[in-house]
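Student: I have a model open on my screen and would like to learn how to read it. Could you walk me through it?

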2 protein chains.
Amino acid sequence: MADFTPTERNVLAALDTDSMLAFLSELVAIPSLADAESPAQERMAAEMRASGLDTDVWEIDFANLQRDPAFSWEVERARGLGVVGSIGNDSHDGRSLILNGHIDVVPAGDSANWSFDPWQATIHNGRMYGRGALDMKGGLVCALWAARAIAQAGVTLKGRLHIQSVIGEEDGGCGTLASIHRGYRADAAIIPEPTRMAIAPAQAGAHNVRISVPGLSAHGCYREEGVSAIEKYYVVQQALLALEADRNQRMRHPLFAGYRLPYPLSIGTVRAGNWPSSVAEELIAEGRYGIGIGEDSQAARRELEDAVARAAAQDPWLRDHPPQVTWWGGTFEPAECPTDHPIVSLLAHSHQAFAPAPPLEGMPYGADMRLLVHQAGIPTVMYGPGDVRLAHKPDEYVPVADLIHVARTLALTALRFIGHT
Amino acid sequence: MADFTPTERNVLAALDTDSMLAFLSELVAIPSLADAESPAQERMAAEMRASGLDTDVWEIDFANLQRDPAFSWEVERARGLGVVGSIGNDSHDGRSLILNGHIDVVPAGDSANWSFDPWQATIHNGRMYGRGALDMKGGLVCALWAARAIAQAGVTLKGRLHIQSVIGEEDGGCGTLASIHRGYRADAAIIPEPTRMAIAPAQAGAHNVRISVPGLSAHGCYREEGVSAIEKYYVVQQALLALEADRNQRMRHPLFAGYRLPYPLSIGTVRAGNWPSSVAEELIAEGRYGIGIGEDSQAARRELEDAVARAAAQDPWLRDHPPQVTWWGGTFEPAECPTDHPIVSLLAHSHQAFAPAPPLEGMPYGADMRLLVHQAGIPTVMYGPGDVRLAHKPDEYVPVADLIHVARTLALTALRFIGHT
């Protein structure tokens, strides 16, 4: 630890990873699905207070927030909480920093596909398993424990450090938008989403898309007198696969050199028919459409709409009964942060106190980064524990070593970026 | 009316088709979907009593009924009513006859696809539109009005005429099975399902099938690390289409000479995925599998299971993650009635009092006929108003002329088959 200042050493010593893992376990056991985030948010707020943070908890005014064109969600909520814990000097002597993480998690799916109970954190072979352990209660708890260590070491930061626990990231980012409306700004932000501890100054966009494919109902015993929307969907599906291949070949970006498909078009759900012995008169497919860094989102949408229309024009039924494309729910614009911004170099330098230099690469998934960048003008990077490839899956896990490494790196970065007396 | 006896003339004169259409309209406006049949059943019972029928109304004992191997349903019901109205002599001097019709209807689907409100009968250009007008409140009301005309004409039947209003036909026939358990038997039965007034002494079978296709969940932004159950389903779908083509070429029957596909395999619903930006880890498809006249049902099931297994064996993912086939809900065995049975010739003769000779042909759809034939040993034919091709669709309708024709034919057939003093 020869490279550390005495203050840094004190903070790292105050960073208690046992209690961090215990709290993360507790948080995983609160199933904070969309529209069910409040108990976990209340637990976060209590832990922030216990950690010595000035804790701001408020009811989000969704009626007002929805007027913001950047607002999007898939799951309508009657209520939701904003939670931000802050420490440090408010006199603007130093720079301010936001560490932002989301509390909401996606459904666990069939728990029979899990080796462990998805709603109970299990540490096995150095990995913590559980829904949300990786995406991203792990990173969120690292951020809180970094701030807690600074507070408990008695360090006075020259500027403000804000830990934001937000809802609704998975379905459009209503929680981060609410924090922006609440007035939170900073000179930089870090989102500890799972990046395998790569520093990610760019994120691809993703727009949610819904495609409705019409059929013609009939009694199943005369199925040829109807038109199955299930069969017709595959005309559309083939067109989507071709569009995805074309776009990913065309739109290359140096930060995404390692990806075969940086901008996937993935259909996640289909629903068709309402009776086994009737021919399905409609199929609804929903998915996510990857948007390239710097790409015009409206032009990207038109590309998809045109691809569906062209495919439909080749089909005798769909020509006269065209599929409908609608854009709804999560709308994640692509975003980037200059790679020469001080937060990038400071984060890389702090990370290297414990490991080799981290890679610099873009992330293919949409996240709240674009809201902080576009709506609040805050240079933002993602950097966090674990591999997002394991997210939204059975047996989601985060390596315990990553949690410890990220918590330490965030503590050091906060000290160095903000400054202290 | 020169061919009619004075009694037949009196009965035909007593058959008031205006009130019949008014009552059918009233019945269409009661949305008697599966598990919501009781209000319509109570209305039927009231009308039977008002028509002078001895009316038997009972709570079906589902707990007991479910022990019968012939029991099947898709929609679990806490309660349901049996309703049978009877007239005539119980001393067995004449033959007895059952007229059986179901009160339950399938969902209307999107009412935007209808030209008229599905839950309000509309008579337009000689057709009555509405969900259930055709399938089969129309035929059921014809049967009731035939009995009502006999009662109101003051005719004493030598044997018993039973009008059965049953629930649950669409999802497996629990109502007809309940009537059999209640003890109702007869020398013959007619089900006025829509046959375009063809006499149908045979019905193909239909077994409900559920196929679950496994995928592997992943975040949509790394979709290639998962396996989409939606894409994998199409391996299965192709195998089902090939199986259907093979079976329908192989299993020909003279009563089905007019059908290209007498035994369709039609998938009516699919459900996959639980989050637009996750790769779907399972797809569930449900449909109906046509069974041939005289075919062994268990062998037919094995054919489908084998076809799915063979297709899966050719696919790298499905080979190790085989789709599961389950048989559930509606299980309609094929059934037939000897074409030389007196009910067939009497029905044809009565029909011809008003129109040319009716065709004799099999019906491709499963219905309660097989329960009356196999569980109660009652020779049964189907003969009813309208074209089943319009059932389970938007703009379902029954021609008013067919309703009048069928009501008259059923009244004459009952008089002639049962005999009267």
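Tutor: Gladly! Keep in mind that this is a predicted model. Let's begin with the domains: in chain A, the C-alpha centres of domain 1 and domain 2 lie 33 Å apart.

Student: Which residues belong to domain 1 and domain 2 of chain A?

Tutor: Domain 1 of chain A is made of 6–202 + 335–418, while domain 2 covers 205–332. Where they touch, domain 1 of chain A contributes 14 residues and domain 2 of chain A contributes 16 residues. On the domain 1 side of that contact you will find five nonpolar, four polar and five charged residues.

Student: Now the two chains. How is chain B related to chain A?

Tutor: The general idea is that two copies of a chain are related by a rotation about an axis and a shift along it. Here, a rotation of 180° with 0.1 Å of shift along its axis places chain B on chain A, with an RMSD of 0.0 Å. That is the relation of a two-fold axis. To find the axis in chain B, look for Arg271(B), whose C-alpha is the nearest to it in that chain, at 2.3 Å.

Student: How many residues of chain B are in contact with chain A?

Tutor: There are 49 residues of chain B in contact with 49 residues of chain A. Of the elements of chain B, β9 (205–214), α7 (229–250), β10 (265–272) and β11 (282–291) each supply at least two residues to this side. The most come from β10(B), with seven residues. By class, the chain B side has 22 nonpolar, 16 polar and eleven charged residues.

Student: Why do we say that the copies meet through the same surface?

Tutor: Because 100% of the interface residues of chain B are also interface residues in chain A. One example is Ala272(A), whose bridge partner in β10(B) is Val270(B).

Student: What is the strand order in the open sheet of three strands in chain A?

Tutor: The order is β4-β5-β15, with antiparallel pairing. β4 (122–124) and β15 (397–399) of chain A each have a single partner strand, so one side of each is left without a neighbour in the sheet. Neighbouring strands are turned by 25° against each other on average, direction ignored.

Student: Which helices pack on this sheet?

Tutor: Helix α5 (residues 133–152) of chain A touches β5 and β15 of chain A, with its direction about 45° from that of β15(A). Helix α12 (residues 400–418) of chain A packs there too, touching β4, β5 and β15 of chain A, at about 60° to β15(A).

Terms used:
Residues are numbered from 1 along each chain as its sequence is written. Chains are lettered from A and ligands numbered from 1 in the order in which they are written. This is a predicted model: local features need pLDDT of at least 70, side-chain atom pairs count only at pLDDT 80 or more; totals for chains, interfaces and linings use all residues. Copies are superposed by least squares on the C-alpha atoms of residues with pLDDT of at least 70 in both. Two residues are in contact if their C-beta atoms, placed from the backbone, lie within 7 Å. Two strands pair if DSSP finds at least two bridges between them. Helices (H or I, at least four residues) and strands (E, at least two) are DSSP runs, numbered from the N terminus. Axes are lines fitted to C-alpha atoms, for helices over the stretch in contact, and angles run from 0 to 180 degrees between N-to-C directions. Domain bounds come from an automatic or database domain assignment. Ala, Val, Leu, Ile, Met, Phe, Trp, Tyr, Cys and Pro count as nonpolar, Asp, Glu, Lys and Arg as charged, and the others, Gly among them, as polar.
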